[in-house]
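Let's take a walk through this model, one neighbourhood at a time. Keep the structure open and follow along.

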Amino acid sequence: MAVTDAQVRKLMEELTKHGNLGLAAAKAGMDRKTARKYRKQKQLPSEVKPPRDWRTRQDPFEEDWPALAERLAQAPELEAKTLFEELLAKAPERYQPGQLRTLQRRVRQWRAQAGPAKEVFFAQAHRPGEAMQTDFTWGTELGVTVRGEPFAHLLCHPVLPYSNWEWVTVCQSESLAAIKRGVQAALFQLGRVPRYHQTDNSTAATHRLADGKRGFNPEYLALMQHLGMEPRRSTAPSSDGSRSTCWCAAAPTSTAWRRTRRGCSRWSPRPTPCARRKWRRSWPP
């Protein structure tokens with residue numbers, strides 16, 4: 001196993017501390033003889049040996065690679081394991097299971113050089129405590145029944161984009177009352193108030209203006225003023241999936257539903273006494 005620059009740096013650091021070669025070699029994860037060699041050279045491995053740009057052995061897939069590259073060009077989603085299993089079935093005397101990693105490297109190199117272009121996206125810079133995003137998602141896929149009848153319902157899903165902390169409440173429609181109940185429940189559980197509250201162009205929070213754009217409803221603005229947040233509209237979901245469908249809807253189990261009934265959260269801090277007193281006040285003010 002080749003020694004890395006990080007190991008040699010660790011070796012030199014330990015030698016500077018106590019000068020014990022055996023102890024320094026053990027902490028750096030290398031043999032004592034190897035440690036003695038680098039102590040004498042006083043150079044990093046990258047400085048001693050130039051990077052190799054030639055093959056040390058013949059490429060086992062050189063003969064079949066043109067056909068494999070053609071198949072990848074026609075179906076770029078093909079996995080290297082699928083191609084390798086076909087090669088094993090076609091010529092078992094030429095290939096061994098241990099050569100799968102070699103083919104995976106070749107396929108990865110092909111995708112980087114000749115594969116389809118990857119989707120370009122611009123990562124959003126989220127800051128802690130800045131915003132809360134709220135969206136609605138159907139919870140019918142959970143398969144909940146009440147007295148044998150399917151229970152059709154929505155989930156109001158507030159989430160903090162920076163930490164992905166989230167909370168859900170059950171509702172029957174995408175309305176202002178559902179937003180008020182869901183956001184208040186999330187803020188009470190969180191114990192803090194973000195600066196902004198973001199929603200999409202839902203009719204519960206916005207309405208169409210004369211110029212064709214969307215504006216916030218007066219009732220929604222009054223709610224945001226009472227909660228101490230500034231309303232902000234998000235026109236598209238976040239690139240990191242922070243406003244994706246709630247995880248409860250993707251896991252139709254009785255356990256998920258029990259957690260959904262009382263609200264679910266990956267991290268549920270206890271609200272402070274000050275927050276309890278604040279959210280006990282009734283709406284409207």
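Predicted model: local features only at pLDDT ≥ 70, side-chain atom pairs only at ≥ 80, totals over all residues.

## An aromatic cluster

Tyr-95 pairs with Phe-84 in an edge-to-face arrangement, with 6.5 Å from centre to centre and 70° between the planes. Phe-84 sits in helix α6 and Tyr-95 in the loop between α6 and α7 (100-114), so this pair ties together parts that are 11 residues apart in sequence. Phe-84 has a relative accessibility of 4%, so it counts as buried too.

Which other ring belongs to the cluster with Phe-84 and Tyr-95? That would be Phe-61: ring pairs link Phe-61, Phe-84 and Tyr-95 together. The structure holds five aromatic pairs. For Phe-61 and Phe-84, the ring centres are 6.2 Å apart and the planes meet at 65°, so this pair is edge-to-face; the cut-off for that label is over 60 degrees. Here the chain is linked across 23 residues, from Phe-61 in the loop between α4 (45-48) and α5 (65-74) to Phe-84 in helix α6 (residues 80-90). Phe-61 and Phe-84 are both buried.

## Arginines over rings

The charged end of Arg-106 sits over the ring of Trp-65, at 4.3 Å from the ring centre. Arg-233 has its charged end over the ring of Phe-216, and there the distance to the centre is 5.8 Å.

In soluble globular proteins, nonpolar side chains tend to be buried together. The largest nonpolar core here has 22 residues, and the members that touch the most others are Met-132, Ile-179, Val-183 and Leu-227. Two or more residues each come from β1 (131-138), β4 (154-159), α8 (176-190) and α9 (218-227). Helix α8 gives the largest share, six residues.

Zoom in on Val-183. What does Val-183 contact, leaving aside its neighbours within four places in sequence? The answer is Met-132, Thr-134, His-197, Leu-227 and Met-229. There is also a second, separate core of 16 residues, with Ala-69, Leu-72, Ala-75 and Leu-83 among them.

## Strand β1 and its partners

Seven of the eight residues of β1 are buried, so the strand is largely enclosed by the rest of the structure. One of its partners is strand β6 (residues 196-199): the two run parallel and are joined by three bridges. Look for Gln-133, which stands opposite Gln-198 in β6.

Strand β4 is another partner, this time antiparallel to β1 and joined to it by six bridges. Thr-134 has Pro-158 in β4 as its bridge partner. Recall that Thr-134 is also in contact with Val-183.

While you're in β4, check out His-157, which lies in this strand. Is His-157 buried or exposed? Its relative accessible area is 5%, so His-157 is buried. The side chain of His-157 is joined to that of Glu-166 by a polar contact of 2.8 Å.

## Both ends of α3

Asp-31 caps the N-terminal end of α3, placing a side-chain oxygen 2.9 Å from the backbone nitrogen of Lys-33. Just after α3 comes Lys-42, with a positive phi of about 60°. Lys-42 lies in the loop between α3 (32-41) and α4. With a relative accessible area of 68%, Lys-42 is exposed.

## Positive phi, again

Most residues other than glycine have a negative phi.

Where does Arg-147 sit? You'll find Arg-147 in the loop between β2 (145-146) and β3 (149-150). Arg-147 has a relative accessible area of 85%, so it counts as exposed; the cut-off is over 50%.

How values were computed
Residues numbered from 1 in each chain as written. Heavy atoms only, no water. Phe/Tyr/Trp six-rings, centres within 6.5 Å; stacked < 30°, edge-to-face > 60°. Helix = DSSP H or I, 4+ residues; strand = E, 2+ residues; numbered from the N terminus. Buried < 20%, exposed > 50% of the residue type's maximum accessible area, 1.4 Å probe, protein only. Lys NZ or Arg CZ within 6 Å of the ring centre and 35° of its normal. Core = buried A, V, L, I, M, F, W, Y, C linked by side-chain atoms within 4.5 Å. Contact = heavy atoms within 4.5 Å. Polar contact = N/O pair within 3.5 Å; in protein donor to acceptor, adjacent residues only side chain to side chain. Pairing = 2+ DSSP bridges.
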